[in-house]
Amino acid sequence: MLNFDALRRSSLSTTPFDHVVVDDFLPAVAASSVATDFPVIRATGSFPLSELSYGPAFAELLAELNGPEFEQGIASIFGIDLSPYVRVTTIRGRVGSHDGGVHTDAKWKIISVLLYLNQQWHDQGGRLRLLRSEDVNDAALEIVPKWGTLLAFRRADNSWHGHLPAEGERRVVQVNWVTSQAMADKEERRHRRSAWLKRLLRRAHV
């Protein structure tokens with residue numbers, strides 16, 4: 001399903017920090033089935049796979065993202081052995097006006113990957129900016145979250161990124177390699193608590 005040849009042909013960019021962008025990493029031919037099988041997400045924030053239901057095409061995509069060929073491809077680009085680290089996969093389906101604040105990611109994250117699954121994107125907000133500083137307008141690169149675009153970057157003290165506000169559906173699969181299983185479990189618990197609270201608040205407003 002994934003275009004591993006495109007990943008292997010890609011090279012590392014170092015400005016403003018180590019990253020790679022791969023267009024059409026998930027080819028358009030997969031759009032119909034994957035989009036149909038994407039989980040229904042009615043709230044903002046990241047959700048762990050344990051809190052979501054989805055169809056077989058999306059499950060196939062997740063299996064490839066969690067497979068050895070993907071890990072080897074990312075490891076080769078960044079020149080790092082990822083085998084000692086643990087993969088954490090979360091899903092976002094919506095963006096809110098409070099999202100997109102500039103940050104560098106937690107220090108226990110090693111590599112972060114975003115795979116965008118939006119069949120079109122016209123909003124000027126919601127376009128991830130790789131920044132030279134903490135200023136959201138100091139962008140070296142802006143990435144439109146269109147279908148099949150993959151961004152991977154190495155977490156660093158200067159890996160500032162964020163986006164202008166947007167609201168609505170914004171689909172993205174997030175894969176992080178983290179320092180340990182303990183940190184992966186902690187992140188899973190945090191996202192599960194958040195998902196539970198969002199469901200509770202949504203029911204309270206019905």
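The legends below describe close-up views of a predicted model. Local features need pLDDT of at least 70 and side-chain atom pairs count only at pLDDT 80 or more, whereas totals for chains, interfaces and linings use all residues. Residues are numbered from 1 along each chain as its sequence is written, and side-chain values use heavy atoms, with hydrogens and water left out.

**View 1. Strand 4 and its two partners.**
Strand 4 covers residues 109-116; helices (H or I, at least four residues) and strands (E, at least two) are DSSP runs, numbered from the N terminus. 8 of the 8 residues of strand 4 are buried, so this strand is largely enclosed by the rest of the structure. Buried means under 20% relative accessible area, exposed over 50%, and partly exposed in between, with a 1.4 Å probe and protein chains only. Strand 4 runs antiparallel to strand 9 (residues 168-178), with 7 bridges joining them; two strands pair if DSSP finds at least two bridges between them. Tyr 116 has Val 172 in strand 9 as its bridge partner. Strand 4 also runs antiparallel to strand 7 (residues 150-154), to which 5 bridges join it. Here Val 113 stands opposite Ala 152.

**View 2. Surroundings of Asn 176.**
Asn 176 lies in strand 9 and is buried, with a relative accessible area of 10%. Its side chain is joined to that of Ser 112 by a polar contact of 2.7 Å. A polar contact is a pair of N or O atoms within 3.5 Å; within protein, one must be able to donate a hydrogen and the other to accept it, and residues adjacent in sequence count only if both atoms are side-chain atoms. Neighbours within four places in sequence aside, Asn 176 is in contact (heavy atoms within 4.5 Å) with Val 86, Arg 87, Val 88, Lys 109, Ile 111 and Ser 112.

**View 3. Strand 3 between strands 2 and 9.**
In strand 3 (86-95), 7 of the 10 residues are buried. Strand 2 (residues 47-48) pairs with strand 3 in the antiparallel sense over 2 bridges, and Pro 48 has Thr 90 as its bridge partner. Strand 9 pairs with strand 3, also antiparallel, over 9 bridges.

**View 4. The largest pocket.**
The volume of the largest pocket is about 670 Å³. Among its 32 lining residues, the closest to its centre are Ser 46, Arg 92, His 103, Asp 105 and Gln 174. Two or more lining residues come from each of strand 3, strand 4, strand 8 (161-162), strand 9 and helix 5 (181-204). The lining divides into 7 nonpolar, 16 polar and 9 charged residues. Ala, Val, Leu, Ile, Met, Phe, Trp, Tyr, Cys and Pro count as nonpolar, Asp, Glu, Lys and Arg as charged, and the others, Gly among them, as polar. On a 1 Å grid over the protein atoms alone, a pocket is an open set of points where a 1.4 Å probe fits, with protein on both sides within 12 Å along at least five of seven lines; lining residues have an atom within 4 Å of a point. Grid points are joined across faces, edges and corners, and a volume is the space filled by probe spheres set on the points.

**View 5. The open sheet 6-5-8.**
This open sheet has 3 strands in the order 6-5-8, with antiparallel pairing. Strand 6 (139-143) and strand 8 are the edge strands, each pairing on one side only. Strand 5 (residues 128-131) pairs with strand 6 over 4 bridges, and Leu 131 stands opposite Ala 139.
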